[in-house]
Amino acid sequence: MRKAWNYIMQRLSLRLGLAIVLIVTVIFTVSVGFLFALFKDYVRQNAITQATQILNNTALRISDVMGEVETVADNMAWYVDSCQDPDSLIRDTREILINNPHFHSCSISMEPDYFKSYGRYFSIYSVRDADSISTAQYGSDDFQYFHLDWYMKPQGLRQGCWIDPYLNANPNAKYQTDVITTYSRPLFDRDGLFIGVIAIDLNLKWLSQEITSVSPYPNSSSIMVGSKGQYLVHPDTLKLINQTIFSDPDPKAKEAVDTLGKKMLAGESGVFRLVVDGNDALLLYRPVGKADWSMAIVCPESDVFSGYNRLLVIVWTTIFIGLLVILFFCYQAIAGAIAPLHLLAHQARDIAEGRYSNRLPKVSRGDTIGQLQNSFVDMQQSLSNYVSNIRLINTQMEHRNRELLDANEKALEADRKKTAFLQDMMHQIRTPLNIIGGFAQVLNENFHEMPSDESKRIIQLMQDNVKKILRISRMFMIFASPRGHLALTKETFSCNELCRELIGSFQLTNPYTVKLYFETTVPDDFMICTDKQRVKLILEELLDNANKFTHQGSIIVAVSRLDDKMVTITVSDTGIGIAEAHRQMIFSQFAKVDLFTEGVGLGLPLSKRAAQRIGGDLVLAPECKEGASFILTIPINNH
């Protein structure tokens, strides 16, 4: 992106062309955007009008059928009041279904013991089954119909009412698997006493087909909710009856769906915008008939604005291509007009960057640009000659100065290292020699009078200082040989056994405040084949350093297997640690934190060189924040 910006900023013709195109783009965007905003409102209003008309027509068609049900039930109620012939009632339920093909079933149910000749229960039920109509009498101790909602609700209201869709509670009914909605009308005798109920049923499948049969858009859908918000019609059949509009699982749309549900249950009509399945949609809703139901059509905005979006893509694509064409011709025209200036700017940049070889030719143009170019050529020639002479002199002087500085720095550094090394070496050797000499004199003068424990302690101290001198001598011998003092040998041994051997013979300087531990994740019979003596020397150096700088806490030697080819031995301590500024120098030869630190600065460098000699490595653990932790990597089988 930055390269593209630099490319544009370096070309005046392109910048002028882009400025023209930008002005044209702003004008086109404002104009076309305003027109499309008006057009989008028009498309939305047209979609709402079309969907509203379809919704009203569907609601009117369903309301007509419901009104037909209510009319038939009212007329039949008047007839039953004056009819006391049970056989006629059986025949009449069948006639109602024959004359009204939309009706699913019809029943006339009387109060218990109303027709004593038929027993306690009398409920005549006729149901449409494909092209035939079957009639049966229901009612038993197991199925007391007069305790059901479609019987008790009109009895309590003393007027006809619609019952929300339900599944038949009679286990012996043929329509048990059908979900129906019922219009129930109470029956009264001439004295106004309640004697039964006439119920006419509509199949919910028919109701759903009527609602979903007309769709204003390919992906639009319809829903209907009952008096309590339960879904009576829904594209997802699993939500029918069992779920309500308020149990929508989408948390992003819950607030909007709750508001919509309250409006629909309140019998309102209108248009609502919400998110359905992650997509914006328009939802048009209105009540249906007298049943406290409300239906809605869901129109996805992707369908509503599909034509609008296609037109939008076509128009903007056309505009974009047109702007590219304008940009191309503007660029060509402006580039031709300012080509000489561009060439001069390019040459001036070359001179500023020190390139004088590319020179402009003189031109025969007599205008201002031609005179400018010819004067520029003369100036370029003079500058080139002058700068060439200066560069030659500077190069010679810089080369000589650099040689003198390098030689002087090397001489000073060599002299400093030599002096520091000799002083440190003499100090490191003189100190243990003085100790040995002093203790030797004490033993010579007082050996027979000295207690046994005291003489043993002095002899042990003398032996420790002898070991220090031998250790320093060994490091000098190893350092003097480019390949190392010890010849490379191979031996198969247990790394656990070697570590335990070193720990068992190691003497802690502070045994009362420092503990030495051994940890391993490999079995004791795990063997490696490498130079055992070099591994031992490296571990002795690491243990010696840990013992030297740890005054309280612990020293841990841990063995673990890195992979199929390598094993690691880690020596960690809780000592004073290594400062961040000194971590880069600990493996450098003769490097010490300060002059007072014990050692000559060869232990870690030689240990690292020995580890690399056997195909491994020695590093300081970077994540170690307290104390120090050195990781020795060793090949399992050093071929």
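Reply: Here is a walk through the sheet, strand by strand, then one loop beside it.

This is a predicted model, in which local features need pLDDT of at least 70, side-chain atom pairs count only at pLDDT 80 or more, and totals for chains, interfaces and linings use all residues. Residues are numbered from 1 along each chain as its sequence is written, and side-chain values use heavy atoms, with hydrogens and water left out.

Start with the setting. The protein chain has 14 helices and 18 strands. Helices (H or I, at least four residues) and strands (E, at least two) are DSSP runs, numbered from the N terminus. Of the 639 residues in the protein chain, 39% count as buried. Buried means under 20% relative accessible area, exposed over 50%, and partly exposed in between (1.4 Å probe, protein chains only).

Five strands form an open sheet in the order 13-15-16-18-17, and the pairing is mixed. Two strands pair if DSSP finds at least two bridges between them. Strand 13 (514–520) and strand 17 (617–620) are the edge strands, each pairing on one side only. From one strand to the next, the twist averages 15°. Axes are lines fitted to C-alpha atoms, for helices over the stretch in contact, and angles run from 0 to 180 degrees between N-to-C directions.

Seven bridges join strand 13 to strand 15 (residues 553–561), in the parallel sense. Glu519 stands opposite Ala558, which is in strand 15. Helix 12 (residues 495–505) packs on the sheet and touches strand 13, strand 15 and strand 16 (566–573). The direction of helix 12 makes about 170° with that of strand 13. Contact means heavy atoms within 4.5 Å.

Helix 14 (residues 603–613) lies across strand 17 and strand 18 (628–635). Helix 14 runs at about 135° to strand 17.

Finally, the loop. Ala621 sits in the loop between strand 17 and strand 18. Ala621 is buried because its relative accessible area is 1%. Leaving aside neighbours within four places in sequence, Ala621 is in contact with Arg583, Ser629 and Ile631. Ala621 and Ile631 are 10 residues apart along the chain, and their C-alpha atoms are separated by 6.5 Å.
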